[in-house]
Amino acid sequence: MSLNPSKVAPEPEPEREAGQGPGSEAQGPGPEIESGPPAGPGPEPEPPSAEGQDWEPERGRKPGPSAEPSPGPEAPPPPPASRSENLRAPRPRCHTNCLEAPLSRAFQRLGRKVGAHPWIFLLLPLALTAVLGTGLMYLPRDGEEDLEEQYTPIGSPAKAERRFVQTHFTANDSLIFSISRKSTEVPYASVLVVSNTETLLEPDILEEISKVDDAVQALTVTQDNGTQIPYSEVCTKNQGSCVPPNPLLFAWKRNKGLNLRTITFPIYSLAGQIVSLANILGGTVLGESMGPSQLLLQAKAMRLQYYLETGEGEENERSKAWMIHFLMKVGSLEESLALKKIQVVYFSSLSRQLEFEATSMTVVPLFHLAYLLIILFAIVSCYRCDCVRNKMWVAVFGVISTALAVVSGFGLMLYVGVPFVLIVANSPFLILGVGVDDMFIMISAWQKTSLTDSISERMSDVYSKVAVITFQLFVLLFHH
């Protein structure tokens with residue numbers, strides 16, 4: 001009759017022998033020390049596996065140093081695993097390379113194809129560049145820029161709001177010109193006159209300002225075909241006459257006996273008409289109040305604003321030609337008119353665009369030197385004295401591939417009708433920098449591959465490791 005182990009109280013654990021390690025308890029219950037003589041020597045128990053898992057004795061054999069049954073009570077079963085041990089069990093890990101892994105595999109297959117069929121991947125880009133490069137014939141030659149049209153989105157909300165304003169606030173410039181009703185920037189030429197004395201509200205100073213005004217209105221442009229464009233043909237008109245650049249100066253020229261001590265600011269009643277002086281006089285000193293305005297004691301500066309015609313096609317070209325002529329001639333007026341009491345500063349609505357184009361054209365020649373320096377650096381950096389490790393020709397073809405990409409990209413964009421902006425002419429420098437950087441990365445990855453592998457395997461290894469980084473750099477560059 002056998003005893004149920006669950007009903008027998010376990011005996012206290014005996015002391016370990018001197019040769020027993022401290023980790024034997026975790027592996028299972030050790031052999032108990034019997035009170036009687038030991039049974040004969042038997043086979044030693046099987047050691048635990050390398051993974052540290054508990055080993056089990058064979059069926060029908062009790063654990064112990066001998067295969068013979070022990071006369072003592074049976075050993076207690078091992079304690080169940082604790083909750084903390086269950087929590088330490090390995091769980092499936094979350095993978096974060098859901099995009100990188102398939103890209104790496106795709107580029108790996110592409111690299112194997114490139115290594116297996118090099119001539120196809122060499123001649124196909126050349127043929128594609130030859131086809132797309134013909135789109136460069138649509139490259140604009142005159143370099144004319146419209147900053148608003150080319151640097152703002154086509155369907156921007158600002159343009160939609162402007163069309164709404166133009167629909168509900170129409171203006172007929174042929175009869176009465178009103179700058180406050182214009183929803184677009186009107187072409188203009190501006191002359192700022194600054195007095196060398198405390199105020200310019202003196203007859204002798206106004207006389208010099210009048211000379212400047214007469215000289216500006218006398219400017220005439222002679223085009224290549226011999227056509228002359230005077231200011232009277234391009235100025236904005238009010239009832240058939242050019243709008244005066246400064247109503248106060250216009251009133252003084254018509255009536256030089258005008259009392260300059262009774263002028264009020266910012267509103268001035270001139271021959272029954274209300275004139276605003278806030279945007280044509282600067283550096284003002286005001287006196288006592290006279291109704292809604294104050295008495296004007298001093299004015300340091302005066303602005304002469306010459307508004308030009310706006311329209312479609314030929315009208316804009318004529319106004320632009322006159323403004324360019326104005327910018328070329330007005331700088332010498334101060335010396336030619338022998339002005340002593342005033343200083344002249346000028347500006348036009350075309351100045352910003354012309355300066356932008358001039359800056360771009362002065363910077364573009366410097367990029368040629370930068371291109372040369374980067375190409376030389378890329379080629380020399382890949383030179384090795386060992387003919388096997390020398391990668392100069394790889395660097396040369398890396399630079400050529402960047403040039404092919406620029407020609408193909410520009411040609412494709414011009415084919416689909418994307419307008420060419422002058423600042424884009426500087427982008428090949430950035431593209432060359434990115435291409436050279438990617439070339440260095442691929443050369444470094446190629447040198448880390450095994451020399452015993454085939455070309456296809458080495459290319460596959462390089463593409464799988466490097467092409468993902470190159471793709472990320474391309475996305476980052478495209479995003480910016």
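User: Does C242 count as buried, partly exposed or exposed, and why? What is its relative accessibility?
Analyst: This is a predicted model, and in it C242 counts as partly exposed because its relative accessibility is 27%, which lies between the 20% limit for buried and the 50% limit for exposed.
User: Which cysteine is C242 joined to?
Analyst: A disulfide links C242 with C235, with an S to S distance of 1.9 Å, and C235 counts as buried because its relative accessibility is 0%.
User: What is the handedness of that link?
Analyst: The link of C235 and C242 is left-handed, with -60 degrees about the S-S bond.
User: And how many disulfides does a search of the whole structure find?
Analyst: The search finds one disulfide.
User: Switching to packing, how many residues are in the largest nonpolar core, and which have the most contacts inside it?
Analyst: That core has 47 residues, and V191, I209 and W322 are those with the most contacts inside it. Among the elements that give two or more residues to this core are β1 (188–195), α7 (203–217), β10 (293–307) and α10 (314–329), and the largest share, six residues, comes from α7.
User: What does V191 touch, leaving out residues up to four places away in sequence?
Analyst: Its contacts include V212, V216, M302, L304, F326, V344 and Y346.
User: Which residues does the second, separate core include?
Analyst: That core of eleven residues includes F367, C382, M439 and I443. C382 counts as buried because its relative accessibility is 4%, whereas C385 counts as exposed at 77%.

Terms used
Residues are numbered from 1 along each chain as its sequence is written. This is a predicted model: local features need pLDDT of at least 70, side-chain atom pairs count only at pLDDT 80 or more; totals for chains, interfaces and linings use all residues. Side-chain values use heavy atoms; hydrogens and water are left out. A nonpolar core is a set of buried Ala, Val, Leu, Ile, Met, Phe, Trp, Tyr and Cys residues joined through side-chain atoms within 4.5 Å. Buried means under 20% relative accessible area, exposed over 50%, partly exposed in between (1.4 Å probe, protein chains only). Helices (H or I, at least four residues) and strands (E, at least two) are DSSP runs, numbered from the N terminus. Contact means heavy atoms within 4.5 Å. A disulfide is a pair of cysteine sulfur atoms within 2.5 Å.
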